[in-house]
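Work through the exercises below with the sequence and the structure side by side. Try each task before reading its solution.

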Amino acid sequence: MTEGAARPITAHLEELRSRIVKAGLAILIGSIVAFLYRNAIFDLIVEPYERVASDRHLVFFRPTEAFSLFMRLSLFGGFVIASPVVLWQVWGFVSPALSRREKRYVVPIVSALAVLFLGGIAFGYWSLGRGLSFLIDFGGDSLEPTIGGDYYLSFALRFLLVFGIAFEFPVFLYALALVGVVGWRRLASGRRGAVLGIVTVGAVVTPSGDPLTLLLLSVPLYILYEATIWIVRFTVHR
């Protein structure tokens with residue numbers, strides 16, 4: 001390979017490293033901020049459990065569990081805080097490969113990704129209490145909930161991430177429409193397949209696996225799918 005041919009690869013690698021460092025710094029700064037407010041964040045995430053479990057508190061079984069719990073919570077909070085920066089770095093890396101017409105959509109798409117991710121987490125938090133109520137009440141009076149803090153945090157964070165990431169899928173459908181892979185007619189004719197796909201993926205990725213959580217995830221996703229059809233129809237012109 002000649003030196004001239006190697007330069008573009010080196011430039012791409014340097015650009016990738018720069019983007020990763022910037023995204024990592026944003027997550028680090030966000031994690032520090034989240035750590036400073038760790039008690040408030042923890043109380044916010046635990047509130048749905050204490051509400052549905054008759055104000056019972058979480059417990060921990062290992063001396064290091066509380067420390068690791070707050071570290072993971074701070075990292076999660078840092079990622080949420082830094083998510084707009086992370087998304088911007090990702091799109092900043094791929095934007096040189098886009099045409100001039102496609103670059104006009106970078107800012108709206110990144111903004112939509114950030115808004116939908118945060119909106120998905122917010123909706124997931126709203127759904128968390130309802131999912132917990134179904135699961136805890138399912139045990140009836142025979143089983144008394146005593147849940148470890150580490151397990152609950154893993155469950156709650158995965159629950160919120162699933163909703164946040166799932167809410168991103170309309171943006172990727174729109175991006176496919178922009179490059180001509182799909183059109184609004186094809187999306188409209190694929191409604192049955194979309195319903196099946198949403199329900200199937202939802203059943204796989206939801207941490208609880210209960211029908212109520214699956215319903216809470218699937219219904220808004222299908223509404224977003226329908227909204228994407230209309231947005232593609234009136235904004236994407238061949």
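Buried means under 20% relative accessible area. The model used here is predicted.

**Exercise 1. Which residues of H6 are buried, and what covers them?**

Step 1. Locate the helix: H6 runs over residues 149-166.

Step 2. Apply the cut-off. The buried residues are Gly 149, Tyr 152, Leu 153, Phe 155, Ala 156, Leu 157, Phe 159, Leu 160, Val 162, Phe 163, Gly 164 and Ala 166.

Step 3. Look for the cover. It includes helix H2 (38-52), helix H3 (65-94) and helix H5 (106-137). Also among the covering elements are helix H7 (169-178), helix H9 (191-205) and helix H10 (211-235).

**Exercise 2. What span should H6 have at 1.5 Å a residue, and what span does the model give?**

Step 1. Helix H6 has 18 residues.

**Exercise 3. Is Thr 213 buried or exposed, and what does it touch?**

Step 2. Set aside neighbours within four places in sequence. Thr 213 is then in contact with Gly 131, Phe 159, Phe 163, Thr 206 and Ser 208. Phe 159 and Phe 163 are also among the buried residues of H6.

**Exercise 4. Where does Gly 129 lie, and which residues is it in contact with?**

Step 1. Gly 129 sits in helix H5.

Step 2. Its relative accessibility is 3%, so Gly 129 counts as buried.

Step 3. Beyond neighbours within four places in sequence, Gly 129 is in contact with Pro 48 and Val 52.

Step 4. The C-alpha atoms of Gly 129 and Tyr 49 are separated by 6.7 Å, while the two residues are 80 residues apart along the chain.

**Exercise 5. How many helices and strands does the protein chain have, and what share of its residues is buried?**

Step 1. Count the elements: 10 helices and zero strands.

Step 2. Take the burial. Of 238 residues, 39% count as buried.

Step 3. Residues 24 or more positions apart account for 84% of them.

Step 4. The C-alpha trace spans about 65 × 45 × 30 Å along its principal axes.

Step 5. Finish with the surface. The protein chain exposes about 14,000 Å², and carbon and sulfur atoms supply 69% of that area.

Notes. Residues are numbered from 1 along each chain as its sequence is written. This is a predicted model: local features need pLDDT of at least 70, side-chain atom pairs count only at pLDDT 80 or more; totals for chains, interfaces and linings use all residues. Side-chain values use heavy atoms; hydrogens and water are left out. Helices (H or I, at least four residues) and strands (E, at least two) are DSSP runs, numbered from the N terminus. Buried means under 20% relative accessible area, exposed over 50%, partly exposed in between (1.4 Å probe, protein chains only). Contact means heavy atoms within 4.5 Å. Accessible areas come from the Shrake-Rupley method with a 1.4 Å probe; for residues, only the protein chains shown count as cover. The expected span of a helix is 1.5 Å times one less than its number of residues.
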